Amino acid sequence: MINLQIAEILLFPGLTFFVWIGFLFDWLERKTQARMQGRRGPILAGPHGILQPVADFFKLASKEEIIPEVADKFIFLFGPPLFFAAPAIGTIFIPVLGPHAIVNNEFDLLFVLFILAFTALMATMLGYAAGGRWSIISVGRLVVQYTGYEVPLIVALVTPAVLAHNLSIDGIVAAQQNLWFIVRAPLSFIVFIIATLAELEKPPFDIPNATTEIVGGWMTEFSGRPLGYIKLTKDLSYAFLSALAVSLFLGGPLGPVLFTNSTLQSLLYFAYFMVKLFAVGFLIFTIKTALARIKIGQAVRFFWMVITPLSLIQLGIVMAVGW
Amino acid sequence: MVVGGPVLIVIADVIIYLLLGKLGKRSSGKGNKYQPFTGGEEDIAPRGLYQSELFVFATLFMVVEAFVLLLAGSFASPTNYYPLLFLMGGGGVILLVTWWLMIVGGVKF
């Protein structure tokens with residue numbers, strides 16, 4: 001029984017599964033972006049270039065790791081696996097094959113909120129540990145952006161918990177058996193998607209790693225395996241946040257029950273989950289491709305003046321109406 | 001597995017990271033190769049100190065927000081055990097990390 005659970009955590013539907021979803025999202029993002037810009041995108045590694053993100057990861061992992069003279073060596077070298085651990089741990093709280101996740105407790109949403117905060121903090125730490133001038137500028141932008149999007153992100157995540165009267169992701173999924181929370185709290189879903197773009201540093205909020213302004217942002221000094229791990233973490237975070245949106249607003253893997261056989265029904269739940277996951281992923285990378293970068297001041301003003309009030313209004317409506 | 005699951009993932013993560021380290025070589029030292037990227041300019045700026053109040057407040061905001069969040073989320077807890085655990089574990093980690101950031105940055109109180 002324990003062996004089975006370990007396999008679930010490390011392989012399917014846990015870590016390895018979400019890493020592959022992250023790679024797939026990376027490839028789809030590049031393909032979508034290329035098509036929208038009249039290019040072909042990756043074509044060489046695997047059919048239609050589908051293995052390009054995997055090839056990129058191993059290429060980076062096999063390159064020389066150069067540790068800058070001014071870097072804090074310990075954090076520079078061992079920060080990337082810690083950075084990766086945050087979304088990796090989050091994946092085991094996401095229900096994929098049915099209404100229950102591999103690991104659950106009555107407060108796992110809180111844990112996920114902590115993970116999101118920790119991811120931003122680790123990025124700040126990594127950038128500051130590197131010590132380069134572009135990293136420092138980027139870290140400043142990262143923290144300022146974080147103070148903008150974090151509050152609405154948390155309010156948007158707490159709204160489903162209030163609707164479900166439950167702080168467990170399993171409980172929130174179960175409460176959407178009849179009606180998805182995207183219908184009952186549409187503003188929270190919109191806020192979550194916008195804050196996700198900021199959390200993932202995607203356009204129009206790619207201010208901390210604006211290539212044309214500050215080279216590679218807080219990742220400028222990283223090379224080889226640490227850089228590969230950082231990029232892998234970004235892909236994994238992408239998959240994890242999309243899966244979180246599916247769980248909190250789109251009913252998770254729940255859908256019509258068509259089979260009495262539990263295995264067949266689990267496969268059906270899995271299919272529902274994947275369709276919803278790719279719909280959210282596609283929404284995020286379409287918005288990302290269609291929009292241009294804004295300035296840091298504009299981003300923070302936008303979050304405090306528009307997005308935070310929107311998230312609070314939705315939370316207020318939910319609490320007042322008592323849905 | 002509530003505690004075991006995350007621990008398992010961290011162990012697997014570190015093992016894979018160390019194994020991947022065998023693929024490429026690692027180098028550190030002094031000289032041009034190991035200087036931070038300067039964008040073609042000759043003078044290499046030293047690590048910036050935390051002189052900006054805004055940045056200090058921003059990091060404090062992160063700590064305070066985490067504490068408030070963890071306390072606010074404890075409304076449904078049947079005992080004091082969970083909120084205390086979250087405070088000690090989550091808040092403690094964030095506090096230590098932020099402290100590190102401030103010390104490395106040379107913050108002046």
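The legends below describe close-up views of a predicted model. Residues are numbered from 1 along each chain as its sequence is written, and chains are lettered from A and ligands numbered from 1 in the order in which they are written. In this predicted model, local features need pLDDT of at least 70 and side-chain atom pairs count only at pLDDT 80 or more, while totals for chains, interfaces and linings use all residues.

**View 1. Helix H4 of chain A against helix H1 of chain B.** Helices (H or I, at least four residues) and strands (E, at least two) are DSSP runs, numbered from the N terminus. H4 (residues 73-90) of chain A packs with H1 (residues 4-20) of chain B at an angle of about 140°, the axes being 9 Å apart. Axes are lines fitted to C-alpha atoms, for helices over the stretch in contact, and angles run from 0 to 180 degrees between N-to-C directions. H4(A) is therefore oblique to H1(B); angles under 35 degrees count as roughly parallel, over 145 as roughly antiparallel, 65 to 115 as roughly perpendicular and the rest as oblique. On the side of H4(A), the contact is made by A:Pro81, A:Phe84, A:Ala85, A:Ala88 and A:Ile89, where two residues are in contact if their C-beta atoms, placed from the backbone, lie within 7 Å. H1(B) contributes B:Pro6, B:Ile9, B:Val10, B:Asp13, B:Val14 and B:Tyr17.

**View 2. Chain B as a whole.** Chain B holds three helices and one strand, and its elements follow the order α-β-α-α from the N terminus. Of its 109 residues, 20% count as buried, a residue being buried if 20 or more other C-beta atoms lie within 10 Å of its own, exposed if 12 or fewer, and partly exposed in between, with C-beta atoms placed from the backbone.

**View 3. The buried face of helix H3 of chain A.** In H3 (residues 52-61) of chain A, the buried residues are A:Gln52, A:Pro53, A:Phe57, A:Leu60 and A:Ala61. Their cover includes helix H2 (15-36) and helix H11 (224-249) of chain A, together with H1 of chain B.

**View 4. The surroundings of A:Phe83.** A:Phe83 belongs to helix H4 of chain A and is buried because 26 other C-beta atoms lie within 10 Å. Apart from neighbours within four places in sequence, A:Phe83 contacts A:Thr119, A:Met122, A:Ala123, A:Leu126, A:Ile230 and A:Thr233. With the same exclusion, A:Leu126 is in contact with A:Ile75, A:Gly79, A:Phe83 and A:Trp218.

**View 5. A:Val139 in helix H6 of chain A.** A:Val139 is part of H6 (residues 133-164) and counts as buried because it has 25 C-beta neighbours inside 10 Å. Not counting residues up to four places away in sequence, A:Val139 touches A:Thr124, A:Gly127, A:Tyr128 and A:Trp218.

**View 6. Loops of chain A with cis peptide bonds.** The peptide bond from A:Phe12 to A:Pro13 is cis, with omega near 5°; A:Pro13 is placed in the loop between helix H1 (2-10) and H2. A:Pro203 and A:Pro204 are also joined by a cis peptide bond, with omega about 5°, and A:Pro204 sits in the loop between helix H9 (186-199) and helix H10 (211-214).

View 7. A:His165, a residue other than glycine, has a positive phi near 50° and lies in the loop between H6 and helix H7 (169-174) of chain A. A:His165 counts as exposed, because it has 10 C-beta neighbours inside 10 Å. A:Val215 has a positive phi of about 55° and is located in the loop between H10 and H11 of chain A. With 20 C-beta neighbours inside 10 Å, A:Val215 counts as buried.
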